[in-house]
Amino acid sequence: MNQIEIFAPGSVANISCGFDVLGFCLDPIGDIMRISKTKTPGVSIGKVTGQDLPTDPEKNVASVAAMALLKETPTEFGFQIDIEKKIKPGSGIGSSAASAAGAVFGINQLLGAPYTNNELIRFALAGEAIASGAAHADNLAPVLLGGFTLVRSNKTLDVIKLPNPSELVATVIHPNIELKTIHSRAILKPTIPLNKAIEQWGNLGAFVSALYTDDYDLLSRSMKDKVIEPYRAMLIPKFEQTRQAALKSGALGSGISGSGPSIFALSRGMQTAKKVGEAMADVYKKLDLKHQLYFSKINTQGIKILSQL
Ligand code: HSE
């Protein structure tokens, strides 16, 4: 195989109660990446469309991740990465994770798949780290493994794929502002009071349990964020009003998608998810704020191959 074309999907990290550890994979939104073998060793960024991304291999998330893989797996040939970037950087739906995961997934396939997708997370993390200033795999894990994932440890990369209650549908609204993860992390406090930590780990444990038992009511009760959202809410126009609009329209839960500015909601069934989306969009229409709205079943497969030569 000399060339592979893949779909690298977006993802929602944190899911309210699991800052830096929980995430799920989106279905309809994602990047198209083409990775081709080249005669010269090393990694280059070829054609980039859709967004303005760095083409310097040391600065592009995809090539940094690719180089991390090739450092451990030297090859006599090299790779060129072309990207149709559809996920806007700074949107909160895993733009950098899609690029980083896509690069290592594609190269791994061209090498005959010496690594499992779970093993690829650690290489992709090198790319993710330059984008956000911190190494966290909560977007990478669902992209590479599909469905819901839990990162037990971002240090040793102990990552678990979780079950997916089949009726869940995500609504994601992206107000057209860019919020860099590095900035929305900079405003967070390094410590949290014990009473808030107790609430948060109670909710996180219950959320995971709800996924295993298809308990939608428990899932709904668990989607709370006492630790991060209170700080980040101020960075997102009408965050609380939009979240409340989602909940009033029947969403099980709603919160900031990753580091924002996108806001996500989880609902039971597409019909409710659509109603929730309309209510969220109404808030932004009144503000005259441009936005995109997405509806997505949970993508249980994650990243996928479109074609190979
Ligand atoms: N867990 C990360 C954050 C996700 O919220 O900062 C965004 O990269």
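## Terms and model

Ala, Val, Leu, Ile, Met, Phe, Trp, Tyr, Cys and Pro count here as nonpolar, Asp, Glu, Lys and Arg as charged, and the others, Gly among them, as polar. The model is predicted: local features need pLDDT of at least 70, side-chain atom pairs count only at pLDDT 80 or more, and totals for chains, interfaces and linings use all residues. Residues are numbered from 1 along each chain as its sequence is written, and side-chain values use heavy atoms, with hydrogens and water left out.

A pocket is an open set of points on a 1 Å grid over the protein atoms alone, where a 1.4 Å probe fits, with protein on both sides within 12 Å along at least five of seven lines; its lining residues have an atom within 4 Å of a point.

## Largest pocket

The largest pocket has a volume of about 650 Å³ (the space filled by probe spheres set on the points). Its lining has 37 residues. Pro-89, Gly-90, Ser-95, Ser-96 and Ala-131 lie nearest the centre. By class, the lining has 15 polar, twelve nonpolar and ten charged residues.

Helices are DSSP runs (H or I, at least four residues), numbered from the N terminus. H1 (61–72), H2 (95–110), H3 (117–132) and H5 (181–186) each supply at least two lining residues. H3 gives the most, with four.

## Second largest pocket

This pocket holds about 240 Å³. Its lining includes Cys-17, Phe-19, Trp-201 and Ile-228. By class, nine lining residues are nonpolar, two are polar and none is charged.

## Domains

Domain bounds come from an automatic or database assignment. The largest pocket draws at least three lining residues from each of domain 1 (3–162) and domain 2 (168–297). The second largest pocket also draws at least three from each.
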